[in-house]
Structure formats: structure tokens, C-alpha cells
Amino acid sequence: MATVLIMGASSGIGLATASLALQRGHSVVAFARSAGRIQVQHDKLRTFVGDARKSADVARAMSGAEIVVQALGVPANARMLTGPIDLFSAATATLLPLMKEAGIRRLISVTGFGAGESRSAINPLQRLGFDLVFGRAYADKDIQENLIIQSGLDWTIVRPGVLNNGRGTGRYRVLTRPQDWRNGLISRKDVADFIVRQLTEDAYVRQAPVLVR
Ligand SMILES: NC(=O)c1ccc[n+]([C@@H]2O[C@H](COP(=O)([O-])OP(=O)(O)OC[C@H]3O[C@@H](n4cnc5c(N)ncnc54)[C@H](OP(=O)(O)O)[C@@H]3O)[C@@H](O)[C@H]2O)c1
């Protein structure tokens, strides 16, 4: 069982990952600016109120952690269209040197279908709409992915398709080969299932699979 620091654990994939990791016997440090509002009660859960951009917060939260999960997100509002968005790159630039200093090697980071080289798998017609809505966030996720890939750590980048709040089915595809990449739906709980499996497996180390149903 691992002690995992989850960045962005107050909602969405991060919260689903925290809950599932606890269910499966892991210890969790749940990090977010609003971590104080996390409703989950568990003796292996520690909540940590902090900002992922701030080195001092991240360094303190990291104490005792063996694995880091990044599940940060920006709200889907007008800012997403007009930017600027630099949360993903800034938080990653903060995180990586601290992980190295602390001797933590395993990093599992959520980006999304369309980030990095998976952009080539977006249908050219859909690319226009994608860029309009998500272009700024994904340009920053590209920088994030590059920082992670160059980090020398034991990373896995997780690129889910379109998220929903459906149930966890355990039935989803893990597409590692570029020729198989495609968009599709997936529940946050299924993404959490994949992430929690990676806490004890190394099959996807230094890989960046697309996840869809
Ligand atoms: N929506 C989709 O269809 C889709 C598809 C593919 C990929 N994705 C990506 O999947 C990821 C997770 O999305 P989601 O909707 O499940 O999550 P979400 O509900 O947007 O949660 C984002 C988390 O990040 C935290 N956060 C934001 N800024 C922070 C900061 N400065 N310091 C610390 N924590 C911070 C938030 O907590 P606080 O605000 O309390 O800090 C929250 O816990 C995102 O990167 C998203 O872009 C989304």
C-alpha cells in the first residue's frame, strides 16, 4: 500500500481517486485550495489546504508521500476561452524539483485527449472547435506534458476523453498506440480506477495512454 499525495483532490477525478485509493487501502494526502471542504472521512486521509503553485505548500504536503497524482483543473468559464491559463505548467514546474529533492520518483498526471502528441488524433474538422474552447488550456497542458516527459521521473500521463460523472464500470480502454487514439466518453470514476491501479503497477511507466470507454 502506498501513501499518495493527490493534487486537486477536492473535486472531479482527484476526489474520485482519493476515495477509491482509500477504499483500496492506500493512505491519501488530499491537496487543494478548498481541501477543507472535502466531505470524505477516513483514518488514512489527511487533507491539506494549499496552492499547487506555491513551493512552500507543496513541499509541506509532500512529507511522507511515496507517489504524486496530479489531477488539477481550471473551471469551465469564460476564462477558459480568453485565458491566460498557466496553472498546469506552473504547478508542474513547482512540483518536479520538489519531488526530486524529496526522492519521490512516481508521478501520475492527468492531462487529456488532445494534449501533446495525441493532438494529431483529433479529427481536423473538430480541431477548430477544440482549439476555440480548449486551446489555451491545452497549450498549457502541452507545456506540462513536456516538463513531465523531460523530468527523468517514473511518470505516467493519463489522457482521458470527454469526462462524465457516471458510475465506475472498470470497463474502459487504455490506448497506448497512436494509431488507436480516439476521443470518447469516460467517467471520472473509471479514470480514478486507472490511476489507483497505477499506484501498485508499473506497466504504463513513461507512457501517455488515452482512456475511453
Ligand atoms: N471535462 C472534460 O471532459 C475533460 C476531458 C479530458 C481531460 N480533462 C481534464 O481532467 C482534469 C480533471 O478535471 P475534473 O473536471 O475531474 O476536475 P475539477 O473538478 O476541475 O477539479 C480540479 C481540482 O484542481 C484543484 N485546483 C485548481 N487550482 C488549484 C491550485 N492552484 N492549487 C491546488 N489545487 C487546485 C481544484 O481545487 P481548488 O479549486 O479547491 O484548489 C480541484 O480539486 C483537468 O485537468 C481537465 O482539464 C477534462
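**View 1. Ile108 sits in a buried spot.** With 26 C-beta neighbours inside 10 Å, Ile108 counts as buried. For that label, a residue needs 20 or more other C-beta atoms within 10 Å of its own; with 12 or fewer it is exposed, in between it is partly exposed, and the C-beta atoms are placed from the backbone. This is a predicted model, where local features need pLDDT of at least 70 and side-chain atom pairs count only at pLDDT 80 or more, while totals for chains, interfaces and linings use all residues. Residues are numbered from 1 along each chain as its sequence is written. Ile108 belongs to strand 5 (residues 106-110). Strands (E, at least two residues) and helices (H or I, at least four) are DSSP runs, numbered from the N terminus. Setting aside neighbours within four places in sequence, Ile108 is in contact with Val69, Thr156, Val158, Ile195 and Gln198. Here, contact says that the C-beta atoms of two residues, placed from the backbone, lie within 7 Å.

**View 2. Arg206 has a positive phi.** Phi of Arg206 is near 60°, a positive value in a residue other than glycine. Most residues other than glycine have a negative phi. Look for Arg206 in the loop between helix 6 and strand 10 (210-212). Arg206 is exposed, because 12 other C-beta atoms lie within 10 Å. Along the chain, Arg206 and Ile108 are 98 residues apart, yet their C-alpha atoms are separated by 9.8 Å.

**View 3. Helix 1 crosses helix 6.** Two packed helices are described by the angle between their axes and the distance between the axes. For helix 1 and helix 6 (residues 188-198), the axes come within 8 Å and cross at roughly 55°. The axes are lines fitted to C-alpha atoms, for helices over the stretch in contact, with angles running from 0 to 180 degrees between N-to-C directions. Helix 1 and helix 6 are therefore oblique to each other. As for the wording, angles under 35 degrees count as roughly parallel, over 145 as roughly antiparallel, 65 to 115 as roughly perpendicular, and the rest as oblique. The crossing is right-handed, a label used if the near helix is turned clockwise from the far one by less than a right angle, with anticlockwise giving left-handed. On the helix 1 side, the contact is made by Gly12, Ile13, Ala16, Thr17, Leu20 and Ala21. Helix 6 brings Arg188, Lys189, Val191, Ala192, Asp193, Ile195 and Val196. The residues of this contact divide into eight nonpolar, two polar and three charged.

**View 4. Helix 6 is largely enclosed.** Nine of the eleven residues of helix 6 are buried, so this helix is largely enclosed by the rest of the structure. Among the buried ones are Asp190 and Phe194. Asp193 of helix 6 is also buried, and its C-alpha atom is 9.8 Å from that of Arg171, 22 residues apart along the chain. Arg171 itself counts as exposed, with 8 C-beta neighbours inside 10 Å. You'll find Arg171 in the loop between strand 7 (162-164) and strand 8 (173-175).

**View 5. Helix 4 runs beside helix 5.** The axes of helix 4 and helix 5 (residues 124-149) come within 7 Å and cross at roughly 20°. The two helices are therefore roughly parallel to each other, and their crossing is left-handed. Leu87, Phe88, Ser89, Thr92, Ala93 and Leu96 of helix 4 make the contact with Asp140, Lys141, Ile143, Gln144, Leu147 and Ile148 of helix 5. Those residues divide into seven nonpolar, three polar and two charged.

View 6. Omega of the cis bond joining Gly83 and Pro84 is about -5°. Most peptide bonds are trans. Pro84 lies in the loop between helix 3 (78-82) and helix 4 (87-102).

Definitions and conventions: Nonpolar A, V, L, I, M, F, W, Y, C, P; charged D, E, K, R; others polar.
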